[in-house]
Amino acid sequence: MTYEEAIAMYPHDEVHVQVDDVVRPMTPAEYEAFIQQQVNYVPIGG
Amino acid sequence: MGANAVTTVPVYVAGEVLTAADLNITNSGIPVFASSVERDAAFGGTGEKTLAEGQYAYLEDTNATQFYDGATWQPVGVAPGLVLVKTQTIGSAVATVTVSDAFSATYDAYKIIVSGGVGSASNNDFQMTLGASATGYYWSLIYTSYNSTVAGGGSSNSTNWAGFGSIDTSSLSLNIDLINPFAAKTTTFTSSQNRSTIAGTVAGNHQVSTSYTAFTLTAASGTMTGGTVRVYGYANS
């Protein structure tokens with residue numbers, strides 16, 4: 001998945017972080033890390 | 001307080017005239033109390049029984065039946081080996097779920113189960129961290145692609161544990177055991193890999209001797225919606 005594809009698939013306001021019962025939007029740094037994770041993700045064994 | 005709950009366990013003297021209310025107290029068999037506070041206040045006062053070995057009680061707030069062993073109140077029956085510590089419902093479109101106050105000195109070992117819910121992406125799995133630690137995670141996975149060819153994967157001194165459970169667009173699934181997450185020792189884990197394309201066994205450790213009370217589950221790809229995280233403690237005795 002390219003960076004642009006990840007941004008399009010997961011817009012910033014549609015992904016969240018949860019701590020116990022509190023679900024909040026990601027900070028810019030968290031969102032950037034999340035997008036990079038999508039770009040770099042390679043499942044073990046295909 | 002329910003209809004059977006009492007606030008006293010009376011004792012009667014010879015020749016005393018018993019009222020209907022007096023007799024109704026005994027109709028519930030085992031005395032029923034709203035909580036341990038009412039239970040403890042119901043014995044030893046004027047006109048009340050002295051608490052003694054063999055006394056039973058039922059507590060409405062915890063739905064527990066207990067007996068007094070002469071020194072303390074004990075649960076009736078065999079104590080469970082696996083005790084539900086915490087339940088956390090997963091929200092909508094979350095990339096990470098942190099469960100706090102999951103580990104304590106009460107248990108050395110824990111089982112974490114995730115069930116229900118869905119992932120936004122198919123054929124991926126979970127990652128996990130302890131507290132705020134982002135280093136010292138070691139894990140090793142042995143698997144096959146549902147055939148006879150054995151393969152493996154893993155990582156040393158990584159930023160998280162990875163490669164276990166299953167996240168799919170139809171469900172979330174995880175079964176992982178941890179030993180010593182609360183103790184200031186190396187934490188070890190065992191789990192299974194259950195993705196749609198591979199399955200196997202994964203194990204590892206966290207080589208940082210720090211005590212943790214919380215953990216965070218992360219979808220290796222995409223987000224999670226719904227489902228439940230349940231944390232159980234293995235009874236120490």
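**Chains A and B: the interface and the strands**

Across the interface of chain A and chain B, 19 residue pairs are in polar contact, both residues at pLDDT 80 or more. A polar contact here is a pair of N or O atoms within 3.5 Å; within protein, one must be able to donate a hydrogen and the other to accept it, and residues adjacent in sequence count only if both atoms are side-chain atoms.

Helices (H or I, at least four residues) and strands (E, at least two) are DSSP runs, numbered from the N terminus. β1(A) gives the most to that side, with 4 residues. By class, the side of chain A that touches chain B has 10 nonpolar, 6 polar and 3 charged residues. Ala, Val, Leu, Ile, Met, Phe, Trp, Tyr, Cys and Pro count as nonpolar, Asp, Glu, Lys and Arg as charged, and the others, Gly among them, as polar.

A word on the source. This is a predicted model, where local features need pLDDT of at least 70, side-chain atom pairs count only at pLDDT 80 or more, and totals for chains, interfaces and linings use all residues. Residues are numbered from 1 along each chain as its sequence is written, chains are lettered from A and ligands numbered from 1 in the order written, and side-chain values use heavy atoms, with hydrogens and water left out.

Back to the interface. The contact (heavy atoms within 4.5 Å) takes 19 residues from chain A and 33 from chain B. There is 1 salt bridge between the chains, meaning a side-chain nitrogen of Lys or Arg within 4 Å of a carboxyl oxygen of Asp or Glu. The side chains of Asp20(A) and Lys86(B) form it, at 3.4 Å, N to O.

Which strand of chain B does β1(A) pair with? β1(A) pairs with β6 (residues 94-99) of chain B, in the parallel sense over 4 bridges. Two strands pair if DSSP finds at least two bridges between them. His16(A) stands opposite Val94(B) in β6(B).

Now a strand within chain B. In β7 (residues 109-115) of chain B, 5 of the 7 residues are buried, so this strand is largely enclosed by the rest of the structure. Buried means under 20% relative accessible area (1.4 Å probe, protein chains only). β7(B) is joined to β18 (residues 228-234) of chain B by 7 bridges, antiparallel. β7(B) also pairs with β13 (residues 172-179) of chain B, antiparallel over 6 bridges.

How values were computed: Buried < 20%, exposed > 50% of the residue type's maximum accessible area, 1.4 Å probe, protein only.
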